[in-house]
Amino acid sequence: MNKVFVFLADGFEEIEGLTVVDMLRRAGIEVIMVSAGPSKAITGSHHIEVEADCMFHEVLEPEGAMYVLPGGMPGTIALREHQGLAKLLKKAYDNGKYLAAICAAPTVLGQYGFLDGKRATCYPGQEDGLGKAEYVTEPVVVDGRIITSRGMGTAIAFAGKLVEILQGTEAKEELLKSIIYEEN
């Protein structure tokens, strides 16, 4: 079961959210875009409107292998303040699921203690929101079942790492080759 939930709130960073959706779907992974707002219509931080696949209350924790939070403002703030999301992420993590966040969104994980004692990264200037994490500046950081990334410019590497975690290195390499992306 490799279903991945990507949570979108008004003001999300489009590249960070949609790159993950696009690349994972190209890899054959089922991805569900979830609205954490009042409707399925979500407007990104650069005024690009997308329609989510479902509303937050339709997400069932046992269905997902991974839960992804894109950054962007004020989308990250909306995710951080969403009490239902906090409960869902805790339950998912406690049940062995992966949590992934990029840009400012690792602060959501930091707020709820998921990063305590772990290595993590985020968008520069957001480090104080990582809780008791060890802040590192690598483009993508994996520590156990937590995956964090720095921002829009690392979105392809972040999505590639998610594919690798769910389907293996060969699947990731094939995907990156197909989109003509070379890792450093």
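Colleague: Let's start with Thr 76. What makes Thr 76 count as buried?
Modeller: Its relative accessible area is 0%, and buried means under 20%, with exposed being over 50% and partly exposed in between (1.4 Å probe, protein chains only). Thr 76 therefore counts as buried. Please keep in mind that this is a predicted model, where local features need pLDDT of at least 70, side-chain atom pairs count only at pLDDT 80 or more, and totals for chains, interfaces and linings use all residues. Residues are numbered from 1 along each chain as its sequence is written, and side-chain values use heavy atoms, with hydrogens and water left out.

Colleague: Where does Thr 76 sit, and which residues does it touch?
Modeller: Thr 76 belongs to helix α2, residues 75-81; helices are DSSP runs of H or I with at least four residues, strands are runs of E with at least two, and both are numbered from the N terminus. Leaving aside residues up to four places away in sequence, Thr 76 touches Pro 70, Gly 71, Ala 104, Ala 105, Thr 107 and Val 108, where contact means heavy atoms within 4.5 Å.

Colleague: How many aromatic pairs are there?
Modeller: The count comes to five. Rings of Phe, Tyr and Trp (its six-membered ring) pair if their centres lie within 6.5 Å; planes under 30 degrees apart are stacked, over 60 edge-to-face, and the rest tilted.

Colleague: Why is the pair of Phe 7 and Phe 56 called tilted?
Modeller: The ring centres are 6.1 Å apart and the planes stand at 50 degrees, so the pair is tilted. Phe 7 lies in strand β1 (residues 3-8) and Phe 56 in the loop between β5 (54-55) and β6 (64-69), so the pair ties together parts 49 residues apart in sequence. Phe 7 is buried at 0% relative accessible area, and Phe 56 is buried at 17%.

Colleague: And what makes Tyr 93 and Phe 114 edge-to-face?
Modeller: Their planes are 70 degrees apart, with 5.4 Å centre to centre, and the pair is edge-to-face.

Colleague: How do you know that the sulfur of Cys 103 is too far from the closest cysteine sulfur for a bond?
Modeller: That closest sulfur, in Cys 122, is 8.5 Å away, whereas a disulfide is a pair of cysteine sulfur atoms within 2.5 Å. The distance is therefore too far for a bond. The structure holds zero disulfides.
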